[in-house]
Amino acid sequence: MIRRRLTPLQALQRLESLCSRSEQCESELYTKLSRWGISSAMAEKIMERLRAGRYVDDVRFAHAFVRDKYLFQRWGRIKISAALRLKRIESDTISAAIDEEIDESTYHANLMALIRAKVRQLEQPRSYDNRTRLLRFAAGRGYEPAIIIKTLNDDATWEETVC
């Protein structure tokens, strides 16, 4: 499949349209520009125009990303920060977004709901093997091991579940 090379004006218009529809981070836009055959010097000029027009802002992107993954997909802090690092967002920006967007009580409620949903799938959830499965499951979702263990040791976790 042969890709058609875009002119800088076409690339700018496509990115403006894309950024108008959804939040994007700069690294993803740079990747798109290089795929479209735009030189790095021209890509920097295009990105400057997008920043000046407030189409792209990594801080705003980080906040939207944290809010989306935390509320809708119930990811933990570790997984969210790892995903943002992959998108080349600065560590300070990641920390600020996580601190501002994640509410501790909702964070623990999300973890509790995830564990309770998983417990319903297990025959003997309090066995050592199944507790280890629950720990790995929650860790895979990006929750901190100390919080997971505290939640698993909490009797409220096991209420409303078939044991």
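**Cysteines, cores and salt bridges**

The sulfur of Cys 25 lies 9.7 Å from the closest cysteine sulfur, that of Cys 19, which is too far for a bond. The model is a predicted one. Across the whole structure, a search finds 0 disulfides and 8 salt bridges. The largest nonpolar core has 27 residues, and a second, separate core has 15.

**Cysteines**

- Cys 19 is in no disulfide, and its nearest cysteine sulfur belongs to Cys 25.
- A disulfide needs two cysteine sulfur atoms within 2.5 Å, so the 9.7 Å between Cys 25 and Cys 19 rules out a bond.
- Cys 25 is buried, with a relative accessible area of 0%.
- Cys 19 is buried too, at 9% relative accessible area.

**Nonpolar cores**

- In the 27-residue core, the members that touch the most others are Phe 65, Val 66, Ile 80, Leu 84, Ile 89, Ile 102 and Leu 111.
- Six helices each supply at least two residues of this core: α4 (58-71), α5 (77-86), α6 (91-101), α7 (104-119), α8 (128-140) and α9 (145-153).
- Setting aside neighbours within four places in sequence, Phe 65 is in contact with Trp 75, Ile 80, Ala 83, Leu 84 and Lys 87.
- The separate core of 15 residues includes Leu 18, Trp 36, Ala 43 and Ile 46.

- Glu 23 and Arg 60 form a salt bridge, with their closest N and O atoms 2.8 Å apart.
- This pair links distant parts of the chain, 37 residues apart.
- Glu 23 sits in the loop between α1 (8-21) and α2 (26-35), while Arg 60 belongs to helix α4.
- Glu 23 is partly exposed, at 30% relative accessible area.
- Arg 60 also counts as partly exposed, at 25% relative accessibility.

- Side chains of opposite charge can pair when their charged atoms come close.
- Arg 51 pairs with Glu 48 in a salt bridge, the closest N and O atoms being 2.4 Å apart.
- Both Arg 51 and Glu 48 lie in helix α3 (residues 40-52), 3 residues apart, or about one turn of the helix.
- Glu 48 counts as partly exposed, at 42% relative accessibility.
- Shared partners join Glu 26, Glu 44, Glu 48 and Arg 51 into one network of salt bridges.
- Glu 44 is partly exposed at 33% relative accessibility, and Arg 51 is partly exposed at 25% relative accessible area.

Note on methods
Residues are numbered from 1 along each chain as its sequence is written. This is a predicted model: local features need pLDDT of at least 70, side-chain atom pairs count only at pLDDT 80 or more; totals for chains, interfaces and linings use all residues. Side-chain values use heavy atoms; hydrogens and water are left out. A nonpolar core is a set of buried Ala, Val, Leu, Ile, Met, Phe, Trp, Tyr and Cys residues joined through side-chain atoms within 4.5 Å. Buried means under 20% relative accessible area, exposed over 50%, partly exposed in between (1.4 Å probe, protein chains only). Helices (H or I, at least four residues) and strands (E, at least two) are DSSP runs, numbered from the N terminus. Contact means heavy atoms within 4.5 Å. A salt bridge is a side-chain nitrogen of Lys or Arg within 4 Å of a carboxyl oxygen of Asp or Glu.
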